Structures are given as C-alpha cells and as structure tokens.
Amino acid sequence: MEKQAVTGFGKIKDGQEAHLYILENKNGMKAYVSDFGAVLVRLCVPDKAGNLVDVVLGYDDAEGYEKGDAAIGATVGRSANRIGRAGFELNGVSYELAKNDNGKNSLHSGPDYYHKRFWKVEEYGADHVSLLLHSADGDQGYPGNLDMRVTYTLDDDNALVIHYEAVPDQDTVINMTNHSYFNLNGHDSGTVLNHKVTLDADSFTPADAESIPTGEIRRVDGTPMDFRAGRVLGDDIDADYEPLRFGNGYDHNWVLKNEGRFDKVAEVASDKSGIVMEVYTDLPGVQIYTANFLDNEPGKDGASYIKRSAVCFETQYYPDAIHHENFPQPVCRKGEKYDTRTAYRFLICE
C-alpha cells in the first residue's frame with residue numbers, strides 16, 4: 001500500500017485552491033476525494049482482467065465541480081433530494097428554504113450547496129479521510145448549528161464506506177447522501193442500460209410531475225419498478241408507466257426493508273468489466289437515478305457524459321418526508337447524534 005498522497009486540484013473562481021486526497025487499500029483499489037465539496041472524484045476498481053477501472057463520473061478539477069449542476073460525486077446536505085414548496089414546519093415554527101427546483105421546491109438544499117463549499121480535512125490516512133463543514137443556524141433556511149463530518153474509508157474488502165456524523169443544537173432536518181454517478185464499465189464507456197440492478201424493496205414512493213412524492217407507498221409487483229429478482233436497466237426504462245414518464249426514466253425512491261440495520265440493500269452488475277457493486281446502508285430509502293438529464297456534460301479525461309451514462313444509488317430518508325407523517329422522519333433532535341453509514345462494495349463476477 002502506498003503512503004498517503006495529496007495533490008493539487010485547481011482553483012475555484014475566488015482563487016481558493018482545492019486538493020485531492022488519495023486513499024488506497026491492499027488490493028490496489030483507489031479513491032480520490034476533494035476538500036472542495038467533499039466530492040468523490042475517482043474510484044478505481046480492479047476489473048475481471050485485473051485492470052483498474054474508474055467507475056464514477058467526475059471532472060478534471062475543482063472548477064468543473066464549481067460549474068457543474070448535476071451534483072456529480074457530491075456530498076449532499078443538509079437535506080438531500082426534494083422538499084415540496086421549499087419549506088416545512090417543525091415544532092410549530094415555519095422555515096422557508098430556497099426555491100431552486102421548478103421555481104417552487106427545494107432540491108438538495110440549493111443553491112448554496114454543501115458540495116459547492118470547502119470542507120476542512122480533520123484527519124487523513126492512507127485508507128481514510130475525514131472532512132468537516134460547519135453549518136450555522138439558518139444555513140440554507142434550516143434551524144440549528146451543527147458540524148457535519150463525513151469520513152470516507154476504503155477497506156480491504158474493497159468497500160468504500162461513507163460515515164456521516166453531526167449533533168445539532170436545535171431540532172432540525174438532516175438527510176445526507178452521496179450523489180456519485182456509477183458506470184461499472186468505466187466512467188467514459190457510454191450508457192449503463194445493460195447494467196443489471198437487484199434491489200431488496202417491495203415498494204416505492206410515487207411522485208407527481210415535479211418529482212414530489214404523493215405520500216403513497218406503492219407495491220412494485222407487476223411494474224417496471226420491481227428489481228427484486230434483478231432487472232436490466234434498459235429493459236423497461238421507457239415503459240409507458242406514469243412514474244417513468246414523469247421521471248424521464250428511473251429517478252425514484254424505493255422503500256428498503258433493513259429496518260434501520262446496516263445491511264445490503266442493492267446490487268448492480270456490469271455487462272462488460274465483470275465488476276459488481278453492492279450497496280449497504282442503515283437508511284430507510286434509496287433513490288435510483290439513471291442520469292436521465294445529462295446531455296453531453298464535459299467530464300474528466302476528455303469524456304462527454306450522455307443521457308443514462310450512469311446510475312446513482314442515493315441512500316436517504318424519503319424525499320419530502322417532512323410533509324408525510326407516514327414516512328420515516330428526517331428530524332434530528334437537539335443534542336442527539338445524526339449517525340449513518342453507506343457503503344459501496346466491489347467484487348468480480350466470474
């Protein structure tokens with residue numbers, strides 16, 4: 001294993017310089033994390049021939065992440081995904097959030113995103129990096145001060161473990177996620193329509209035309225949303241099914257069965273490289289998004305990312321949960337610890 005390594009990652013518009021922190025395990029797998037946005041820039045995984053394949057979309061430098069609007073590789077917070085009407089009530093107090101989605105809703109707590117800010121590197125070793133972001137009371141419209149810590153650890157089982165920790169000083173909403181775009185044939189290899197996804201979920205949460213959940217929890221039986229036995233992404237992605245028409249493909253939250261336990265919830269298998277990725281989390285939901293709105297996005301190494309050139313597995317509380325009492329709630333109480341883990345583990349299908 002190489003010693004820890006830090007490299008420059010360019011500058012953003014105001015002149016601040018970003019850095020890349022390189023993690024490596026005993027198998028030669030590598031992860032590259034930047035202090036700008038706490039983003040995952042590269043994830044290099046051995047394929048069936050033993051060659052390293054970079055399986056996440058990304059940009060060449062910090063300027064690319066500053067300009068990009070698709071949350072590629074992002075650490076998303078304080079609340080990922082959508083909150084309808086860009087506001088909520090908590091303890092009888094109304095809070096207003098920025099409207100950055102259809103002029104009505106809040107998406108990924110923008111436009112002052114966590115992934116467009118510098119994070120402080122608190123600890124760095126050959127196999128892990130821990131980053132800190134102070135989020136003040138009123139930041140993005142949310143109540144309460146907190147220090148959000150995210151730690152990336154690359155273990156010797158070829159799992160990238162992402163650990164989120166925070167303790168707010170007021171009751172607040174917290175719903176962190178990682179928004180990496182995965183293509184297991186390589187970040188520059190075209191679409192993922194031949195990737196096969198298996199998902200341990202009997203239900204999903206249908207949404208309206210603005211991608212705001214209706215509050216219904218719907219069984220997947222007999223629908224293109226049923227991944228329990230495995231389904232190739234391209235087989236039904238354009239089916240004449242209202243949720244798929246609304247999402248322009250898969251862009252939905254599934255209801256997981258882990259009951260708060262850290263457990264395997266999903267798997268995706270490549271069709272060429274032999275790489276298989278398992279998804280583990282203790283959170284109640286996962287948003288599967290098939291990059292339906294990428295349109296020749298200029299990426300790293302000269303790549304151009306097209307529609308459906310990746311798939312995201314955004315572990316989360318359900319979108320807009322704060323407005324639906326029947327959904328698990330993303331409220332973290334004053335003095336309590338927000339503490340959640342998600343892992344992406346890689347292996348080879350022989």
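Mentor: A residue counts as buried when its relative accessible area is under 20%, as exposed when that area is over 50%, and as partly exposed in between (1.4 Å probe, protein chains only). What you see above is a predicted model, in which local features need pLDDT of at least 70 and side-chain atom pairs count only at pLDDT 80 or more, whereas totals for chains, interfaces and linings use all residues. Residues are numbered from 1 along each chain as its sequence is written, and side-chain values use heavy atoms, with hydrogens and water left out.

Trainee: How many aromatic pairs does a search of the whole structure find?

Mentor: A pair of aromatic rings is described by the distance of the centres and the angle of the planes. Rings of Phe, Tyr and Trp (its six-membered ring) pair if their centres lie within 6.5 Å, and planes under 30 degrees apart count as stacked, over 60 as edge-to-face and the rest as tilted. The search of this structure gives 15 such pairs. One of them joins Y21 and Y124 edge-to-face, at 5.1 Å centre to centre and with 85° between the planes. Because Y21 lies in strand β2 (residues 17-24) and Y124 in strand β11, this pair ties together parts that are 103 residues apart in sequence. Y21 and Y124 are both buried. For Y59 and Y65 the ring centres are 4.9 Å apart and the planes stand at 85°, so this pair is edge-to-face, and both Y59 and Y65 are buried.

Trainee: Which residues do ring pairs link into a cluster?

Mentor: The cluster consists of F204, F227, Y250 and W254. A charge sits over a ring if NZ of Lys or CZ of Arg is within 6 Å of the ring centre and within 35 degrees of the ring normal, and here the charged end of R231 sits over the ring of F227, 5.9 Å from its centre.

Trainee: Is R231 buried or exposed?

Mentor: With a relative accessible area of 17%, R231 counts as buried. Its side chain has a polar atom 2.9 Å from the backbone oxygen of D226, and the backbone oxygen of P224 lies 3.5 Å from a polar atom of that side chain; a polar contact is a pair of N or O atoms within 3.5 Å, where, within protein, one must be able to donate a hydrogen and the other to accept it, and residues adjacent in sequence count only if both atoms are side-chain atoms.

Trainee: In which strand is R231 placed?

Mentor: R231 belongs to strand β20; helices (H or I, at least four residues) and strands (E, at least two) are DSSP runs, numbered from the N terminus. Two strands pair if DSSP finds at least two bridges between them, and 9 strands form an open antiparallel sheet in the order β11-β12-β13-β14-β29-β23-β22-β17-β20. β11 and β20 (231-232) stand at the edges with a single partner strand each, so one side of each is left without a neighbour in the sheet. Further in, 4 bridges join β17 (residues 196-199) to the antiparallel strand β22 (residues 263-269), where K196 has A269 as its bridge partner.
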